[in-house]
Amino acid sequence: LMQHAPVGTTNAWINATRSDPHFLDPHRLIPALMRYDAKNNPPGHRANQGLRFLQHCVRNLKVSDPTVVNYLVSLLAQEEDESAMLSFLTEYGGEGGIVDLQHAMRACQTSGKQEACVNILSSLGQFEQAVDLAIELQDIELAKINADKVEGDDDLRKRLWLRIARYVIEEEKDVRRAMEFINQTDILRIEDVLPLFPDFTLIDDFKEAICASLEDYHRHIEELKRGMEEATKSSELIRKDINDLRGRFGFVESNQKCCFCRTPVLASGLFLFPCQHAFHISCQEEWMLREMLGESDRKRVMELKMAIAAGQKQGRETSDTGSLDRLQAELDDLLAADCPLCGGPAIEMISRPFPVYGDGPAA
């Protein structure tokens, strides 16, 4: 029937599947469609009836059978008008689409559908080959579209835009058009394009771009200067706060107790925090070593204590007092950077589970 009455047969198939999408199996009709020749169409019917039926199956019946789709792609590749293939690839050839892109690539290469090949290469993530083919076709707009499809790789996108600019400058001798690329993409700057120009080029072609670039650099430098000034002011404020903290003091009541061991805090050396919580140095050290510090910090605490003890034992001269003070300051930073009851350590302890009865230290 497809050989002798292709239009009527195709109409009958389409009407039958409209009322019952499962009435016909398009896969089993492929042999009949392959024997069909569009030359057998009656006068006034130039459309390929096999292509018409398969498009109905894919678009209206949502058929995704690989054999059906591949044969439809092969028929589209044989059409003189490439727009039908491009439209189909755009609709069904993207990520998660039903088109076998490798098969589509072979079909388009065989039939010389170069623009469709560019589209397929881009869908396959082969952006360099897509841009090269678009340039080979002398379709600069198509090349730019595919260069901008690159996501997450600014280096590659920049290389592709420079490749297009090089072609426009070297082959088309159109310096002004190449300079327009700077305004068309955010990946190129004047200094990227200048090395591509011939040695003897009139500056008139890119004078405005150079001036605009210099203005951008000036604005950027001014922003950096403002940022540096703000950072300097912030550092001065921090330095002032540190100096103020050095002279800060607090009062300890005679009956105040260590928040850990609940014995009089004045009985030995102590840490007093701005929140007025006080701890024996030995209690604070024991708790920090057990609960908060990692292996490397615990090792460093031991090294600092040994170094301080050795320095004090040797009775160093006054000139070495600064060194001992630095060691003591580092030790204090490790052991008493914040209050265990209301500072950072307390917040960190919130996320820890309660110890099972008998497994943890006695309260």
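## Exercises on aromatic rings and cysteines

Ring pairs link F260, F273, F279 and W287 into a cluster. The model is predicted.

**Exercise 1.** Find how many aromatic pairs the whole structure holds, and state which kind of pair F273 and F279 form.

Solution. A search of the whole structure gives 5 aromatic pairs. For F273 and F279, the ring centres are 5.8 Å apart and the planes stand at 75°. Centres within 6.5 Å make a pair, and planes over 60 degrees apart count as edge-to-face. The pair F273 and F279 is therefore edge-to-face.

**Exercise 2.** Count the disulfides, then examine C108 and C339.

Solution. A disulfide is a covalent bond between the sulfur atoms of two cysteines. The cut-off for the two sulfur atoms is within 2.5 Å. By this rule the structure has 0 disulfides. For C108, the nearest cysteine sulfur belongs to C117 and is 5.1 Å away, and C108 is in no disulfide. For C339, the nearest cysteine sulfur is that of C275, at 3.6 Å, and C339 is likewise in no disulfide.

**Exercise 3.** Classify C108 and C339 as buried or exposed.

Solution. The relative accessible area of C108 is 0%, so C108 is buried. For C339 the value is 2%, so C339 is buried.

Technical notes: Residues numbered from 1 in each chain as written. Predicted model: local features only at pLDDT ≥ 70, side-chain atom pairs only at ≥ 80, totals over all residues. Heavy atoms only, no water. Phe/Tyr/Trp six-rings, centres within 6.5 Å; stacked < 30°, edge-to-face > 60°. Buried < 20%, exposed > 50% of the residue type's maximum accessible area, 1.4 Å probe, protein only.
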